[in-house]
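Work through these exercises with the sequence and the model open side by side. Try each task before reading its solution.

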Amino acid sequence: MKPFVPKLVYFEPEALSYPLGKELYEKFTQMGIEIRETTSHNQVRGIPGETELARYRNAKSTLVVGVRRTLKFDSSKPSAEYAIPLATGCMGHCHYCYLQTTLGSKPYIRVYVNLDDIFAQAQKYINERAPEITRFEAACTSDIVGIDHLTHSLKKAIEFIGATDYGRLRFVTKYEHVDHLLDARHNGKTRFRFSINSRYVINHFEPGTSSFDGRLAAARKVAGAGYKLGFVVAPIYRHEGWERGYFELFQELARQLEGMDLSDLTFELIQHRFTKPAKRVIEQRYPKTRLDLDETKRKYKWGRYGIGKYVYRDEEAKELEDTMRRYIEQFFPGAYVQYFT
């Protein structure tokens, strides 16, 4: 697929006082993209559309260039000590995505240009914890790879972490546009993870993202560039023929990665889940979705913050987990499965 290009761009005036802000303004001007001004990246108004659904779809192709003023990093991530805030929002249209509810009325994509401030804060966190390792997650609220061909913020973050003694970086993507990241000086301190799934799930529930084959080909490039590699199989979804679909996934992934160094390969396994608020938003924004959101077929599970979610019943979840672990053992016997949830 072609790399993402916004149809509309908003700038905070302050963003133009930073080198990246100036660079992006010149780039989008030369590309002939409409540019507007906004007082705050948190209060963007005037996104076109006759209906709420139309405005939502237009927002997903709108980029907002701003300054990250809150430099206290989120520290509630189970897989990293901190989330490093390079961007918020995503251009993908994954029907099941948790950002549907967490971003609420702000589905537009935000990028932050005060990178030196962000990296200085990250260095402070590293120094406070040294000599312990401090891990940063760069894709908690965005798919940073999908926009990095425009900003190169992620590439700069990779090289910043690569130059530290005790910092580590991780992120996950559904996009294949990795070529500009292959020569980054990562020094083995970044784990580059791909979100992968069966063809059925990608084709039916992940519009606006790279294809099954595109992601796997990108994973081979990344492995060849010496990054630590990981895969997030999510959401694992019980569609018709799911056993065959996921077998093909691991079989083809093994074929693509043949000959690569997979000595530190990781997998994360996440079954499909949804909340009542998410279901309402999904059905509003994707009224023709084939996603099965029938609560009567699921088990209700309390979440960490008092918000319950619907997951597969125990026996179905165990079948999913056992099947995924069996396929991984067959095709990647040295890999480490970090968790199934």
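## Exercise 1: Helix α10

Task: In helix α10 (residues 276-285), which residues are buried? Then find what covers them, and look at how the helix starts.

Solution. This is a predicted model.

- Step 1. Go along α10. Ala 278, Lys 279, Val 281, Ile 282 and Arg 285 are buried.
- Step 2. Look at the cover. The elements over the buried residues of α10 include α2 (52-59) and α3 (99-102).
- Step 3. Go to the start of α10. A side-chain oxygen of Thr 275 comes to within 3.1 Å of the backbone nitrogen of Ala 278.

## Exercise 2: α9 against α11

Task: Describe how α9 (residues 242-256) packs with α11 (residues 314-331). Which residues make the contact?

Solution. 

- Step 1. Take the geometry. The two helices, α9 and α11, pack at an angle of about 25 degrees, and their axes are 10 Å apart.
- Step 2. Classify the angle. Angles under 35 degrees count as roughly parallel, so α9 is roughly parallel to α11.
- Step 3. α9 and α11 cross in a right-handed manner.
- Step 4. List the contact. From α9 come Trp 242, Glu 243, Tyr 246, Phe 247, Phe 250, Gln 251 and Ala 254. From α11 come Glu 319, Leu 320, Thr 323, Met 324, Tyr 327, Ile 328, Gln 330 and Phe 331.
- Step 5. Sort by class. The contact of α9 with α11 has 10 nonpolar, three polar and two charged residues.

## Exercise 3: α4 against α6

Task: What is the hand of the crossing of α4 and α6, and how many residues of each class take part in the contact?

Solution. 

- Step 1. The α4 and α6 crossing is right-handed.
- Step 2. Leu 115, Phe 119, Ala 122, Gln 123 and Ile 126 are the α4 side of the contact. They meet Ser 153, Lys 156, Ala 157, Phe 160 and Ile 161 in α6.
- Step 3. By class, the contact of α4 with α6 has seven nonpolar, two polar and one charged residues.

## Exercise 4: How enclosed is α6?

Task: How many of the residues of α6 are buried? Then pick out Lys 155 and find its contacts.

Solution. 

- Step 1. Eight of the 10 residues of α6 are buried, so α6 is largely enclosed by the rest of the structure.
- Step 2. Name them. They are Ser 153, Leu 154, Lys 155, Ala 157, Ile 158, Phe 160, Ile 161 and Gly 162.
- Step 3. Check Lys 155, a residue of helix α6. Its relative accessible area is 16%. Buried means under 20%, so Lys 155 is buried.
- Step 4. Find its partners. Neighbours within four places in sequence aside, Lys 155 is in contact with Asp 148, His 180, Leu 181, Asp 183 and Ala 184.

## Exercise 5: Phe 136

Task: Is Phe 136 buried or exposed? Which residues does Phe 136 contact, leaving aside its neighbours within four places in sequence?

Solution. 

- Step 1. Phe 136 sits in strand β7.
- Step 2. Read its accessibility. At a relative accessible area of 0%, Phe 136 is buried.
- Step 3. Look across the chain. Phe 136 and Ile 84 are 52 residues apart along the chain, and 5.8 Å separates their C-alpha atoms.
- Step 4. List the contacts, with those neighbours left aside. Phe 136 touches Phe 73, Ala 80, Tyr 82, Ile 84, Ala 122, Tyr 125, Ile 126, Ile 161, Arg 168, Leu 169 and Arg 170.

Definitions and conventions
Residues numbered from 1 in each chain as written. Predicted model: local features only at pLDDT ≥ 70, side-chain atom pairs only at ≥ 80, totals over all residues. Heavy atoms only, no water. Buried < 20%, exposed > 50% of the residue type's maximum accessible area, 1.4 Å probe, protein only. Helix = DSSP H or I, 4+ residues; strand = E, 2+ residues; numbered from the N terminus. Contact = heavy atoms within 4.5 Å. Polar contact = N/O pair within 3.5 Å; in protein donor to acceptor, adjacent residues only side chain to side chain. Axes fitted to C-alpha atoms, helices over the stretch in contact; angles between N-to-C directions. Parallel < 35°, antiparallel > 145°, perpendicular 65-115°, else oblique. Left-handed = near helix turned anticlockwise from the far one by under 90°. Nonpolar A, V, L, I, M, F, W, Y, C, P; charged D, E, K, R; others polar.
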